[in-house]
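Colleague: Before I plan around this protein, could we go through the model together?

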Amino acid sequence: EDALMKNAAAFGQGLDSGSTYQALTDYRVGRANQDYNNYLSREMAALNETMGVLSQLSGYGNQASGQLVNAVSNSANNQSAALMAGGTAQASGIAGQANAFSDGLSGVFSALQSGVPNMFGTTSPSALSFGSGGAGGFSPGFSLGGGANMNLGFV
């Protein structure tokens with residue numbers, strides 16, 4: 001502004017002339033535009049910085065939710081594997097019991113087949129027959145071949 005005033009005085013123009021006022025107005029408008037543009041640049045820089053921070057925070061949130069999903073999935077997989085292992089062990093135990101019971105019955109019938117003929121005076125195991133009861137049930141018993149039948153009483 002001072003430079004414009006001195007320039008107007010140097011050329012003999014009065015400070016109240018129209019051209020001096022026009023020059024001052026142009027200068028002030030230009031200065032206002034420059035100040036406003038500087039203000040907008042600072043505000044945009046601050047906004048961009050804030051958006052960068054928020055974007056980084058949202059990235060942390062996405063990462064945390066992904067890790068949580070993985071942790072829950074791993075936990076579910078571990079729990080189902082443990083349940084399957086428990087079921088397998090239980091089934092193995094049941095099969096072992098059934099095998100032991102079956103082996104025990106085989107031993108009993110084998111002992112009966114080899115021992116009963118001697119007990120009744122016959123030496124031929126083929127004279128003995130072990131059979132099942134009627135109506136689909138199993139009734140352990142034996143026959144000595146001469147019409148003498150013995151039921152062991154298991155029904």
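Colleague: In which element is the place of Met51?

Modeller: This is a predicted model, in which local features need pLDDT of at least 70, side-chain atom pairs count only at pLDDT 80 or more, and totals for chains, interfaces and linings use all residues. Residues are numbered from 1 along each chain as its sequence is written, and side-chain values use heavy atoms, with hydrogens and water left out. Taking helices as DSSP runs of H or I with at least four residues, and strands as E runs of at least two, both numbered from the N terminus, Met51 has its place in helix α2.

Colleague: What is the relative accessible area of Met51?

Modeller: Accessible areas come from the Shrake-Rupley method with a 1.4 Å probe, and for residues only the protein chains shown count as cover. Buried means under 20% relative accessible area, exposed over 50%, and partly exposed in between. Met51 is partly exposed, because its relative accessible area is 48%.

Colleague: Which element has the highest mean pLDDT?

Modeller: The pLDDT is the predictor's confidence in each residue, from 0 to 100, and the protein averages 76. Strand β1 (residues 129-130) has the lowest mean among the elements, 50, whereas the highest, 87, belongs to helix α2 (residues 18-119).

Colleague: What percentage of the residues of the protein count as buried?

Modeller: The secondary structure comes to 2 helices and 3 strands, following the pattern α-α-β-β-β along the sequence. The protein exposes about 11,600 Å², of which carbon and sulfur atoms supply 59%. Of its 155 residues, the share that counts as buried is 9%.

Technical notes. Buried < 20%, exposed > 50% of the residue type's maximum accessible area, 1.4 Å probe, protein only.
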